[in-house]
Amino acid sequence: MAGKEKLKKEESVNSKTAGQLFLKEQLRASEKFSNRKDLIEILLEDQKQYSIPEVEEIIEKFMKGKVN
């Protein structure tokens, strides 16, 4: 049951923040991306604003990239 409650909470947070824009510094300091601080730092531009879905897509594309 605790897993379902956590999922509902995350969906609620995602729906509230989906349309909002955040700076790289805000995203890097967020709990949501606490395990991706390194990627946030290298993939996002300073002083540019991003939505949560946009950042998730940028990270996903990077993670699926080919290694030479």
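The legends below describe close-up views of a predicted model.

**View 1. Overall arrangement of the protein chain in the predicted model.** Four helices and two strands make up the secondary structure of the protein chain. Read from the N terminus, these elements follow the order α-β-α-α-β-α. The protein chain has 68 residues, of which 21% are buried. Its accessible surface amounts to about 5600 Å², and carbon and sulfur atoms contribute 52% of that area.

**View 2. The largest nonpolar core, built from ten residues.** The members of this core are F22, L27, F33, L39, I40, L44, Y50, I52, V55 and I59. Helix 3 (37-43) and helix 4 are the elements that supply two or more residues to the core. Helix 4 gives the largest share, namely three residues.

**View 3. K24, a buried lysine in a salt-bridge network.** K24 is part of helix 2, which spans residues 24-29. With a relative accessible area of 4%, K24 falls under the 20% limit and is therefore buried. Apart from neighbours within four places in sequence, K24 contacts I40, E41, L44, E45, D46 and K48. Salt bridges link K24, R28, E41 and D46 in a network.

**View 4. The salt bridge between E56 and K32.** The structure contains six salt bridges. In the one formed by E56 and K32, the closest N and O atoms are 3.1 Å apart. E56 is located in helix 4, whereas K32 sits in the loop between helix 2 and helix 3, so the pair ties together parts separated by 24 residues in sequence. E56 is partly exposed, at 34% relative accessibility. K32 is likewise partly exposed, at 39%.

**View 5. The salt bridge between K61 and E57 within helix 4.** The closest N and O atoms of K61 and E57 are 3.3 Å apart. Both residues lie in helix 4 and are four residues apart, about one turn of the helix. K61 has a relative accessible area of 57% and is exposed. E57, at 44%, is partly exposed.

**View 6. The salt bridge between K64 and E60.** Here the closest N and O atoms are 3.0 Å apart. K64 is exposed, with a relative accessible area of 63%. E60 counts as partly exposed, its relative accessibility being 44%.

**View 7. A nonpolar surface patch formed by I42, F62 and M63.** The patch covers about 320 Å². M63 belongs to helix 4, which runs over residues 52-63. The relative accessibility of M63 is 46%, which lies between the limits of 20% and 50%, so M63 is classed as partly exposed.

How values were computed: Residues are numbered from 1 along each chain as its sequence is written. This is a predicted model: local features need pLDDT of at least 70, side-chain atom pairs count only at pLDDT 80 or more; totals for chains, interfaces and linings use all residues. Side-chain values use heavy atoms; hydrogens and water are left out. Patches are made of residues with over 30% relative accessible area and no salt bridge: like charges are joined within 9 Å, nonpolar side chains (Val, Leu, Ile, Met, Phe, Trp, Tyr) within 5 Å. Accessible areas come from the Shrake-Rupley method with a 1.4 Å probe; for residues, only the protein chains shown count as cover. A salt bridge is a side-chain nitrogen of Lys or Arg within 4 Å of a carboxyl oxygen of Asp or Glu. Buried means under 20% relative accessible area, exposed over 50%, partly exposed in between (1.4 Å probe, protein chains only). A nonpolar core is a set of buried Ala, Val, Leu, Ile, Met, Phe, Trp, Tyr and Cys residues joined through side-chain atoms within 4.5 Å. Contact means heavy atoms within 4.5 Å.
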